[in-house]
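Here are my notes on the model you sent over. Have it open while you go through them.

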Amino acid sequence: MSKPSTDMNQIEINQPEMKSVVNAPQPTIPLPRGPVPQAPTRESRSIEIKIDGHSVSVPEGSTILDAGRQLGIETPTLCFLESLTPVNVCRVCVVELEGSRTLVPACSRKVEANMSIKTDSERVRLSRKLVLEFLASSVDLSTAPKMQEYMERYGAQPDRFGETRATVAQPVKVDNDLYVRDYSKCVLCYKCVEACGVDAQNTFAIAVAGRGFSAHIATEFDVPLPDSACVYCGNCIGVCPTGALMFKSEFDMRQAGTWDESKQMQTDTICPYCGVGCDLTVHAQDGKIVRVTSPLDHSVTHGNLCIKGRFGWQFVQIQPAENGK
Amino acid sequence: MDLHLTNAQATAEERAAVDSLLGAPDSSWHGAQRLGADTRSASNGHAGSQRHRLLPVLHALHNRIGWISPGAINYASLRLDIAPAEVHGVASFYGMFSLTERPAVVAHVCDDIACLTRGADKLCADLEKKLGAAGSPCAGGRATWQRSQCLGLCERAPAALVSAAGVKHQERVLAPASADSVASLINEAVAGRMPAAPDELSIQLSVPQAEKQNGSALRLLQRIGHGDAASLADYQRLGGYEGLRKAIALGAEGTLRELSASKLLGRGGAAFPTAKKWEALFLQRNLLQEDFRRAHYVICNADESEPGTFKDRILMEGDPFAVLEGMTIAGFVTGATKGFIYLRGEYPLAAERVQHAIDIANNNNFLGKNLLSKSFDFNIEIRRGAGAYICGEETALFNSIEGYRGEPRNKPPFPTQAGLFRQPTAVNNVETLVNVPGIIREGGAAYAKLGTENSAGTRLFCLCGHIARPGVYEIAMGSTLRQLIELAGGVAGSGKLQAVLLGGAAGAFMAPKELDTPLTFEGTRSIGATLGSGVVMLFDDSVDLRRILLRIASFFRNETCGQCVPCRVGVTRQEEALQRLIAAKPLGSAAQELNLIREMAQAMRDASICGLGQTAASALESALQRWSLFA
Ligand SMILES: Cc1cc2nc3c(=O)[nH]c(=O)nc-3n(C[C@H](O)[C@H](O)[C@H](O)COP(=O)(O)O)c2cc1C
Ligand code: SF4
Ligand code: SF4
Ligand code: SF4
Ligand code: FES
Ligand code: FES
């Protein structure tokens, strides 16, 4: 029997002859930014390294963080997220690599054969402590419980920098009905920029602007969100580790003092709007939806949604009484 | 890209500024009038490929208008297919660009450490009296003046730079400057009567050695003052392009052998063997033929912004063809066909002279296709920096050229694996490259005989501060600091030396008792110092070192890119602690503050991404080790 004719291999494609040289990009034309292209490896080798005296074997291409996790070592992270390209800017994950002049970031440094690593040396503890103190002394971390844990673990004392220290304190931006931006809680982890840009949404409504201590996340000239390119997918909220980006519903309840996670129920479901069928986790308190997240480990959507799945749940809450009117 | 823009419109002048660089837009998708055909076609599918022209576009706007408006950002977005938030993010990264309306004429007046030793305080105070506070409008609202950090003119301190935006953008250096000369130049600029030349290179003021000797013992400075820097004929008469000819005769491998034998180490600060860097690209050359998407790049790092450094400026102003020849040899060895010179934005004369040399070299087959009639191509393009010290860091420099914010990348991958446009790239300092033609001409072994075992060759030093004859000096490595100071006429000011800053803001202080330290990589390392960019800045006993330390700390606070936490917050907290100590209002005790400074220094050194954060505390720490300044 002949193969069905829809088999792509069977179709004779009548292509015009390629004018290869003319059409080929010249070498000086820049390639789009992104990870360094690497030839696909057929079999991934495994690499053995030593962490805190224990040997561990991980597939080539793994990071020191991956290897540590395999040994059950808990490495603090802040700017790292499985679904985003590592930017390695927060430096809270640094570890000591034998032979390296400086500490190296566990979240992005790939393992190499015979590496010997310390994750809890004096140098590591000092740097982690200072990084946490630097952050806590300049940023409001009150809605970042993970950071509080880390600070306890490393004995961070952010008040030792005095009262007159510079901070990023500023008024919260409430310029639309869906989410608020409180950049006095921003640790500048770049995650929202990545989620809005090449790592997920490709909308580029926000970018890092300014330089140094005044570097901050902004739309062009800091115009309000409704004037910007924002499409309200909320994928930035999904990745923000500090609560700087927050559902308006959550923000309002926190303001009113009614936000109470212990009373909340999470329900996994599927977005009813379109055929993509994104996974949703619906968070409800007192029978009302208060926010929506999406699991990061979803193999297709990696936790990303669009405006409908993220914010379009009001219809669920229209009460029958009102309905009947 | 599907762009969403605000309603802000570019003015006709702003459009003209951008179009003068990019040509007229091809369709309404890129900012032209909407024509019938545009409604039936979409033609903006090449997002990213134009991005590397963003910085030149921003320069064009700023040079023409004097600031960058929301409408201008929108037009730049349209023309280059980059989201406006990103264009704004890039523009706001650079110190030279103003994003708020500002007069067309701006005087930048240096109040950095070398100028502080030579009257910067008085200059600024006089200007305040004459023109009003820094940042306020003067000359009938058509000009303003600002304080600036080191302008790379330290041998002629105190220094100022006046720029006048307009159809014909002009700049003019004033060094040494006085309040009168600044004020009158501002008036000239406002009246449209700026002198045509941005500056003159004075051999007498800047290269004292060239005046005394006939250049025989000098290698790097041999031609400066002995011929017309703009003349290719003079360059060749003085040995120019013999190195390139010999390199072509030797072939790439033979050239690499000579370079390796010379033991040349990079002069940009990290002291990496130049031959090794080039070899890494050489070994990847066969991939170039196999994969048309591969390219190799050579970059000349001419961003020189380390306070106290001016040697690269003088090389480019005084011997621009030598920079091109060094780069061309690099292209020949590494297989790169394209070279970039990343040239500091505040160096108008160097830019003019190097561009002139590029044009002449292109016309005479020293650059371009099949150059010197051999089957090898090499082109050079200048890219101007825009007021960001961090863009001298090689990976930040790549991002800057590519049209991104000048934030350093994490290494690995190293530039020789994935550099500019993620392709193998060799970055070298100006002085490193200027060494190369001579090395090839005279042989690597001859070069290695100069200097010491581990520090071969000669080196340029930038003498400034309280020194009798400031300027750039070339000496064989291994001479002592004392000998160098004597060569430059000894200590000026009160005549009593208090301290020497070696290597710039990222370097270290030395005490008078350390003057016999040999100026070599290993000699300085042994006392915890570094040659860095070759700065030798002297301070007499009248200087309040605490003030110098504070100025250095504020330099880092201004210049950190802000990407990583230990540096972004660390340099800020470091400056705050220093301010408290100087005001004698320590938190707890002075000892407690000093301990805090030490802890912060260690975290910055250990956990920062790049060399800026890693060295931001070293000058301060070196001073605290040598003197008890806050007892
Ligand atoms: C913050 C920072 C600024 C730098 N600025 C310069 C510079 O202005 N010029 C330069 O040649 N190298 C500079 N460097 C060093 C470069 O990263 C790089 O090492 C050098 O250009 C390599 O050239 P070389 O091998 O010829 O020394 C800087 C490094 C850092 C960390
Ligand atoms: S807003 Fe949130 S996600 Fe964005 S940089 Fe700040 S902390 Fe990170
Ligand atoms: S979140 Fe958006 S894309 Fe995903 S299923 Fe719902 S409507 Fe479709
Ligand atoms: S060390 Fe400083 S300058 Fe370097 S990447 Fe980090 S913040 Fe930027
Ligand atoms: S988690 Fe590794 S640098 Fe931020
Ligand atoms: S020009 Fe003023 S310190 Fe260098």
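1. (Helices, H or I of at least four residues, and strands, E of at least two, are DSSP runs numbered from the N terminus.) A:D52 isn't a glycine, yet its phi is positive, about 50°. Most residues other than glycine have a negative phi, and most peptide bonds are trans. With 34% relative accessibility, A:D52 counts as partly exposed; buried means under 20% relative accessible area, exposed over 50%, and partly exposed in between, using a 1.4 Å probe and protein chains only.

2. A word on the basis: this is a predicted model, where local features need pLDDT of at least 70, side-chain atom pairs count only at pLDDT 80 or more, and totals for chains, interfaces and linings use all residues. Residues are numbered from 1 along each chain as its sequence is written, chains are lettered from A and ligands numbered from 1 in the order written, and side-chain values use heavy atoms, with hydrogens and water left out.

3. B:D81 also has a positive phi, about 60°, without being a glycine. Its loop runs between helix 3 (70–80) and helix 4 (84–91) of chain B. Is B:D81 buried or exposed? At 3% relative accessibility, B:D81 counts as buried.

4. Now the cis peptide bonds. One goes from B:A157 to B:P158, with omega near -5°, and B:P158 is in the loop between strand 3 (143–148) and strand 4 (160–164) of chain B. Another links B:P412 to B:P413, omega near 0°; you'll find B:P413 in the loop between helix 17 (394–402) and strand 9 (425–429) of chain B.

5. Leaving aside neighbours within four places in sequence, B:F556 is in contact (heavy atoms within 4.5 Å) with residues including B:Y389, B:V571 and B:L612.

6. Finally, ligand 2. Of the 14 residues around it (a heavy atom within 4 Å), A:C186, A:C189, A:Y190, A:C192 and A:C240 come nearest. The shell has 12 nonpolar, one polar and one charged residues; Ala, Val, Leu, Ile, Met, Phe, Trp, Tyr, Cys and Pro count as nonpolar, Asp, Glu, Lys and Arg as charged, and the others, Gly among them, as polar.
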